[in-house]
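Hi,

Here is the structure for you to look over. My notes follow below it.

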Amino acid sequence: MDLINTFLHLPVTDPTWIFFLVLCIILFTPMLLNRLRMPNLIGMIVAGVIVGEHGLNVLQRDASFELFGKVGIYFIMFLAGLEMDMQSFKKNKNHGLVFGWFTTLIPFVFGYVSGYYLLGYSVPASLLLACILASHTLVSYPIVTRYGISKNPAVTVSVVATMVALVVSLVVLAGVTGVMRGENNLWFWIWFVIKLSLYIVIMFVVVPRAIRMFFRNVSDPKLQFICTLAIIFFSAAFAEVCGVEGILGAFLSGLVLNRFVPKSSPLMNRLEFVGNAIFVPYFLIGVGMIVNVAPMFKEWNALYVVIVIVIAATLSKYLAAVACQYLFKYTKYQGMMMFGLTEAQAAGSLAMVMVGIKLEESPGVPLMDNTILEGVVMMILITCVISSFATEYSAKQLKIDERVGDHESGKRQDSTSRDDEKMLVPINDPSNIETLMGAAIMMRNKKLNRGLICLNMIEDSNMSIAAQAHSKECLDIARQVAAAADVPIQTQTRLAVNFATAAIHSMMENDASEMVIGLHHKRYENDSFLGTFANGLVNGMNRQLTIVNMRIPANTVRRIIVALPENAEFEKGFYRWINRIARMAEDLGCIIEFNAPAVTDKMIMKYMKDRHKSARAEYRNLENWGDFVQLKEKVSSDHLFVVITARKGGISYQHSFSKLFSIIQNDFNHCSLMIIFPDQEGEVQESLFNG
């Protein structure tokens, strides 16, 4: 009976039922639209129209939609900045700035002309409409993420253009607002520039240092997640205090955190999951709930306003995208992607029109009336639908072109027939499991998506309850880390008399390609640097062995410095370890510096340009391995020092390697360290396109 009473009194006001109904919409809408082959974003907005007060009036747009909706649009902008490939950003920033001005000025002109000449608005109202049309929101960006094409130049250019459009529109809006309120004087603009400059300094100088300090000292995943959310909302709130919209601050927070959140890390996975599963759909449903279709069928004036605004917004954004497509010599699908990402109007437009309604052109006469509000809201719905279709279509075509290009160029290195990648990670110390798992996750091939094998070993003579509990604890930690990063995992417990022998047997049984272990911590003065376990692995196997000792969290590493001996390029595992380190550098967004003989440097440079274009790489000459110790002058505490060595009998092995570990222990004990013994035996010779 209570259930019937609840739904007889519409709209539903009980918070529990509201949240339940919203979750049902988020759950079932994609399932329906997948059958209809339509973008999910459209379904969320249309569902909002249906259940909103202007539709069936099932739900009222209460404070929860205001709150979660704002969080949702912040997440869209934040993820756009967070997932941006900074190397691609630097490479395409000029194109981005040009497209930014095109997609701002052309719609601005269209908006002003439409408002002043076609709709008969005053100059201030027409300027405000121009600002609304000039700005846009990356509503369809989740589609780009789903297709995995965020590194495409068209996407990067569009994201940069979004920032330009937002800044220009918000500055003009501030000027119009100042004029209407009688504040538009020299002091107003000086104070505005001071506040904006202060904001930029704090965001790009102070905040990154605070983030680095926090992440170095706090490893708890929950606290890191909360810290990230706090930075997003601090950036957004501080932006509003400084006179610009919070969505710009959310985008800038993504750029600032880009360096500290590796793309394959558990933290990135949590942020994307929470944003795309809850907050973004909530925002889209909330947008739909404010749409009122009825006036279009009752009043010719309302329909006329909608037609004029929608045509002006869509045509101007399309012309800007097409013009830059030809100017940059992009493909038609890249041009369509640029149009799709910059077409949608959402939070920024709504915020601007609300400003216009609150401003008074004369006492008691608002600058903009409800007709323009309804017109802008309908424009938001229609442009979001067009944006979703255009982005979905172009994303699919760009993904197809990317795969066809890989096949035609012979660089389809990620096929399973050419890559035997399968990593084994022995774990026995709970304190370094997250470090080892993090390193393996960053080095793995995301496209192959093969799981990690985590091995825990128990001494054959010690099958006590405590030993079994310790084993379970280690494997549970590994499962949690893998689950948080959405990485498949296989766990094993093995009884062993000799841990090294057991690990090697497990590696052969699982057909693993390489092993990642932690560095031995010396307990006694006569302990060797590597320890008994690592020494046993070095002497007992010929596959790649990576030994990791991270002194700081991986996401705070600023540079990876690699040292190679002479003839390293002749080892069979040469390209395998380059792949692993390059993937790590790409994930961390840091510079990778190779120190090697000139001939080796050229081979690495060729391979990196071919296979890892987005990695920032530098090359230094190290002809004499005896100069290896001099590298300590350039290796800092926030660097990862990678030493490529070899086993006895290897082509690149040198007698000086006998002193290598004592040098590392004495001169490089202040930094994070990785020691790699490459493959020295394999059935197939590694080639330039095999890894």
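Start with the surface. V109, V113, Y116, Y117, L118 and V123 make up a nonpolar patch with about 550 Å² of accessible area together. Patch members have over 30% relative accessible area and no salt bridge; like charges are joined within 9 Å, nonpolar side chains (Val, Leu, Ile, Met, Phe, Trp, Tyr) within 5 Å. A salt bridge puts a side-chain nitrogen of Lys or Arg within 4 Å of a carboxyl oxygen of Asp or Glu. Areas are Shrake-Rupley values with a 1.4 Å probe, and for residues only the protein chains shown count as cover.

Helix α5 (residues 86-118) gives the most to this patch, with 5 residues. V109 sits in α5. V109 counts as partly exposed because its relative accessibility is 48%. The classes are buried under 20% relative accessible area, exposed over 50%, and partly exposed in between (1.4 Å probe, protein chains only). Helices (H or I, at least four residues) and strands (E, at least two) are DSSP runs, numbered from the N terminus.

Keep the source in mind. This is a predicted model: local features need pLDDT of at least 70, side-chain atom pairs count only at pLDDT 80 or more, and totals for chains, interfaces and linings use all residues. Numbering runs from 1 along each chain as its sequence is written, and side-chain values use heavy atoms, without hydrogens and water.

Now the whole chain. The protein chain has 24 helices and 12 strands. Of its 691 residues, 55% count as buried. Among contacts (heavy atoms within 4.5 Å) with a separation of 6 or more, 80% join residues 24 or more positions apart. The accessible surface comes to about 29900 Å², and 60% of that belongs to carbon and sulfur atoms.

Helix α24 (residues 660-667) has L660, F661 and I664 as its buried residues. They lie on the same side of α24 because they cover an arc of only 95° around the axis, taken from the directions from the helix axis to the C-beta atoms. These buried residues pack against β11 (639-644) and β12 (672-677).

R146 is in helix α7 (residues 141-147). R146 is partly exposed, because its relative accessibility is 48%.

Last, confidence. Mean pLDDT (the predictor's confidence in each residue, from 0 to 100) is 82, and 88% of residues reach 70 or more. Over residues 682-691 the pLDDT is below 50. Residues 407-417 also stay under 50. Where pLDDT is low, the predicted coordinates should not be read in detail.

Best wishes
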